Structure formats: C-alpha cells, structure tokens
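Subject: Structure for your review

Dear colleague,

Please find below the structure that I am handing over to you, with its sequence. My findings follow directly after it.

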Amino acid sequence: MTKETPRQASVNVTYQKKVKSKKAGGAKKRPASVMAEYNEGFSYTDPASGESDTISITLTNIDLRWANKWMPKKGDKLTAKIIEKSWDKQGKKKTFYCGKFCLDDLSYDGPECTCTIGGLSVPEGNAFRSTGRSKTWKKATLKEVGTEIAKKYHLKLHYTGGTIKLGTIEQSNEPDSSFLKKVCEDYGMAIKIYSGKIVIYDKGAFEARKPVATLKPVDLQDWHYNTTLVGTYTGARIKYTSGKDDKEMKCVVGSGKRILNINEKVESLQEAQLKACAKVNAENEKAVTMSVTIMANNRIAAGSTIRIKGLYELSGKYFVDKVTHNIGPDAAYTMSLELHRCQKRITKALAVGDKVIVNGPAYWGGNGGKANQCSNMTMYITQILGGGYKYQYGVAKRKGGTRYGWCDKGSLKKA
C-alpha cells in the first residue's frame with residue numbers, strides 16, 4: 001500500500017541586492033536555497049483594489065549578516081513563489097507565483113536581531129508613488145489615461161470593462177499612482193498593481209462571476225461576521241451644472257428612502273450617473289462583511305467570488321476583497337480572506353447608444369407637444385437631457401440616426 005505524502009508548502013524567494021555601480025561588483029543575488037535557510041515566516045497579501053500586492057519575510061539573523069554585509073536596502077528586488085506538494089492531489093506539485101517586488105520596508109527585533117523585510121509590487125523607483133505631476137486631461141477615456149501612465153513606467157495595462165469617457169479632469173501636483181486610483185474609484189472601477197502590470201477592471205462584472213469555491217463551517221478555522229445599516233443606501237442624488245449658463249441639474253440613481261447626497265462637480269448626465277452609482281455601490285460594500293481563515297486554497301484570489309454555505313442567514317455569495325497567504329516556519333500554510341457579500345448593485349439605467357424597446361408616446365419636444373405612439377418598437381438612445389425636462393430620452397430608429405422623439409424613462413426597456 002502506497003504511503004500518503006502529507007501536504008507540504010514552501011516558499012521560493014530570490015533576492016537581488018541593488019548596487020549603484022558595476023565597480024561595486026554588480027547586482028548580488030541570494031538564491032532561493034540561501035533564502036530558505038534563513039526564512040522564519042512568510043506572508044503575501046493580494047488585495048482586489050486600491051493597493052499594491054505586498055510580501056513580508058522574517059529572517060533569522062543568528063550570524064548577524066542580515067545586519068551587516070547582507071543588510072537590505074530600499075530598492076532591492078525580490079521574486080516570490082509558493083510551492084505546494086500533495087495539496088490538491090497526492091504527489092502533485094504546483095507553483096503559485098506571487099510576483100516581483102521592490103523592498104520598501106525593513107525592521108529588526110532584539111535581542112536576536114531578527115530581520116523582517118517588506119516588498120511592494122510597484123515599478124522600480126519612487127516616481128510612480130511619490131513624484132507630484134500636473135496635467136489637464138480633456139475628453140480622454142479611462143483606458144487612454146491608464147495606458148499613458150502605464151507606458152511611462154514600462155508597465156503593461158490590463159483593462160477589463162466598457163468605455164468610460166471622462167470629463168475634464170485635473171491632475172494637480174499629484175503622484176500618478178494616487179491620481180489613477182482616484183479616477184478609477186470615481187467611476188466605479190477597481191485598480192491594482194501586480195507583477196509589472198496595472199490592472200483596471202469593473203468590480204460589478206467580477207462580482208457577477210460564478211464562485212470559485214464553496215466554504216462550509218468545517219472549512220473555517222476562524223471567522224468574524226458584521227452587518228450594518230449605517231452608511232448603506234438604496235440610491236444616490238447628485239447635482240451638476242450643464243450648458244453655457246451653468247444651469248444646475250440633478251440626477252437620481254436607485255430609489256427608496258436611504259438616499260446618499262453627493263456634492264461633486266460633473267459636466268454631463270452620463271458622468272453624474274456613473275459617479276453617483278460608483279459612490280453608493282462603494283458605500284454598500286460595507287453592509288455585510290466577513291473575515292475568515294482557511295487552509296490555503298489557491299483557486300481563491302482577490303477579485304474572485306466564493307460561496308459561504310451552512311451558516312444559516314450568514315450564508316451567501318461573497319466577493320474576495322483581500323487574501324493574505326501565511327506560511328510559518330513549520331510549513332503550515334493558511335489564507336486569511338476579507339470579504340463583502342455580493343448584493344444587487346445600483347447601475348445607471350440607460351445611456352446614449354443603448355438599444356431599447358419603446359412602449360408609449362415619443363414626443364416632439366423634451367417637455368411634450370405632439371407625439372407618436374410606439375408599441376414594442378426597437379430604437380436607440382441618441383441623447384439624454386437633464387432633470388429639468390419631463391421627457392429626457394431622445395430615441396432614433398437606428399444608432400446615430402435622426403431623432404424620432406423624446407420619451408419618458410418608463411416607456412423604455414433595454415433590448
């Protein structure tokens with residue numbers, strides 16, 4: 001009878017010391033075998049949005065070389081992998097790639113002089129995070145802004161989502177990292193930096209994906225659940241100005257009694273809708289949250305969804321906001337997950353270019369007048385007026401065609 005091999009996990013870290021000149025001997029590498037001799041603990045944190053991936057390595061320092069000749073310096077490079085053996089299947093070896101990191105944190109603890117180094121998944125140097133830049137962006141899309149910034153730092157852009165047209169936006173003495181993060185969040189998009197890439201994606205679309213795993217109470221080594229009504233909303237109201245006379249308009253998304261009031265400068269109804277939806281959906285992610293600790297399961301990554309089952313009313317589909325991989329000196333491999341429960345997101349109902357089914361009158365003017373009666377007619381939205389008009393939605397029989405008339409929202413249904 002074949003003896004079963006217990007689950008095993010180890011860390012493969014290579015360390016490359018930054019050296020200013022070739023005369024100093026070039027870049028000095030510490031191979032994975034050397035790093036393994038000193039490794040006392042490892043963690044890798046994978047956030048879904050708003051932060052860079054990070055690693056932390058605790059190194060034994062009995063011979064004091066990590067405080068002497070091998071003392072780490074900011075800017076040193078690390079590459080990390082997690083090696084699993086017999087984890088999912090007997091004898092099968094799997095490699096989980098954490099990414100490339102730039103050392104940005106160093107600490108020591110006595111009396112043993114234990115060394116802990118922290119790495120951040122950002123471009124080499126500090127310009128991306130700390131150098132203030134100023135620029136006015138006009139009529140650009142979010143993808144175009146992301147592409148230009150990524151190119152500046154020799155990064156690749158991975159963009160998943162629809163075309164988002166931006167109004168006039170100002171970058172005023174602000175680092176590219178914080179500026180791009182703010183723009184993404186303003187328009188309801190998630191952003192993260194991972195292994196030489198800027199990743200921008202539609203969080204709502206990712207929430208809609210099928211769960212990658214189902215967790216039951218027996219799988220949860222530790223867990224905490226919280227729900228709150230404070231700061232959660234059924235809709236949002238935003239004011240904006242439009243036209244040459246800067247006439248004040250208002251836009252409402254969602255419905256109900258718990259309405260979030262937003263004061264922010266926007267230039268169009270479409271921009272108002274996007275920003276209002278983004279704000280209220282971000283607030284509502286706080287409504288139901290969980291933190292759990294499980295045995296490592298590398299199908300689960302930040303940005304994926306899982307299903308909690310068997311916890312009565314606490315059960316449901318959850319979005320993974322953050323994953324922290326922890327491997328201790330005894331090779332115990334666990335993952336800590338930060339989650340929020342997926343719920344129906346508030347979205348802008350209609351946009352220019354949408355294909356719709358029209359049932360009801362199409363008026364000659366935005367405030368009424370003569371009308372053509374429509375019954376299950378397929379049309380396209382050509383224009384959307386502000387809140388000062390009774391019939392806000394201009395429709396045409398073909399995309400970009402001559403306007404057929406103006407309709408009330410209640411007469412339209414997405415095709």
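A residue is called buried here when its relative accessible area is under 20%. Cys115, with a relative accessible area of 0%, is therefore buried. Please bear in mind throughout that this is a predicted model.

**Overall architecture**

The protein has six helices and 26 strands. Its C-alpha trace spans about 90 × 60 × 35 Å along the principal axes. Of the 415 residues, 45% are buried. Where contacts join residues at least 6 apart in sequence, 61% of them connect residues at least 24 apart. The exposed surface comes to about 22,400 Å², and carbon and sulfur atoms supply 49% of that area.

**Nonpolar cores**

The largest nonpolar core has 45 residues, and Phe42, Ile306, Leu337 and Leu339 are those with the most contacts inside it. Setting aside residues up to four places away in sequence, Ile306 touches Pro211, Val212, Ala213, Leu215, Ile300, Gly316, Lys317, Tyr318, Val320, Leu337 and Leu339. There is also a second, separate core of 27 residues, which includes Val253, Leu260, Ile262 and Cys407.

Val320, one of the residues that Ile306 touches, is found in strand S20 (residues 316-327). Its relative accessibility is 0%, so Val320 counts as buried. Neighbours within four places in sequence aside, Val320 is in contact with Ala48, Ile300, Ala301, Ala302, Gly303, Ser304, Ile306, Glu338 and Leu339.

Ile262, from the second core, lies in strand S17 (residues 259-263). With a relative accessibility of 7%, Ile262 likewise counts as buried. Beyond its neighbours within four places in sequence, Ile262 is in contact with Ala236, Arg237, Ile238, Lys239, Ala276 and Lys279. Asp321 is 59 residues from Ile262 along the chain, and the C-alpha atoms of the two are separated by 25 Å.

**Aromatic residues**

The structure holds 10 aromatic pairs. In one of them, the ring centres of Tyr44 and Phe96 are 6.2 Å apart and the planes stand at 55°, so the pair is tilted. This pair links distant parts of the chain, since Tyr44 belongs to strand S3 (residues 39-47) and Phe96 to strand S6 (residues 93-109), 52 residues apart. Tyr44 counts as buried, at 2% relative accessibility.

The rings of Phe128 and Tyr153 have their centres 5.0 Å apart and their planes at 70°, which makes the pair edge-to-face. Here too distant parts of the chain are linked: Phe128 is in helix H2 (residues 127-130), whereas Tyr153 is in the loop between helix H3 (142-152) and strand S9 (156-160), 25 residues apart. Both Phe128 and Tyr153 are buried.

Tyr15, Tyr38, Trp66 and Trp70 form one aromatic cluster. Arg65 lies over the face of Trp70, at 4.7 Å from the ring centre. A further charge is placed over a ring at Trp137, where Lys135 lies over the face at 4.1 Å from the ring centre.

**Cysteines**

How many disulfides does the model contain? The count comes to zero. A disulfide requires cysteine sulfur atoms within 2.5 Å. For Cys115 the closest cysteine sulfur is that of Cys113, at 7.7 Å, which is too far for a bond. Cys342 is in no disulfide either, as the nearest cysteine sulfur, that of Cys277, is 17 Å away.

**Further local features**

Thr114 is found in strand S7 (residues 114-120). This residue counts as buried because its relative accessibility is 16%. Apart from neighbours within four places in sequence, Thr114 is in contact with Glu40, Thr58, Leu59, Asn61, Ser107, Tyr108 and Asp109.

In helix H4 (residues 176-186), the buried residues include Asp176, Ser177, Phe179, Leu180, Val183, Cys184 and Asp186. H4 is followed by Gly188, which has a positive phi, near 80°.

With kind regards

Key:
Residues numbered from 1 in each chain as written. Predicted model: local features only at pLDDT ≥ 70, side-chain atom pairs only at ≥ 80, totals over all residues. Heavy atoms only, no water. Buried < 20%, exposed > 50% of the residue type's maximum accessible area, 1.4 Å probe, protein only. Helix = DSSP H or I, 4+ residues; strand = E, 2+ residues; numbered from the N terminus. Phe/Tyr/Trp six-rings, centres within 6.5 Å; stacked < 30°, edge-to-face > 60°. Lys NZ or Arg CZ within 6 Å of the ring centre and 35° of its normal. Contact = heavy atoms within 4.5 Å. Areas by Shrake-Rupley, 256 points an atom, 1.4 Å probe, with all protein chains shown as cover. Core = buried A, V, L, I, M, F, W, Y, C linked by side-chain atoms within 4.5 Å.
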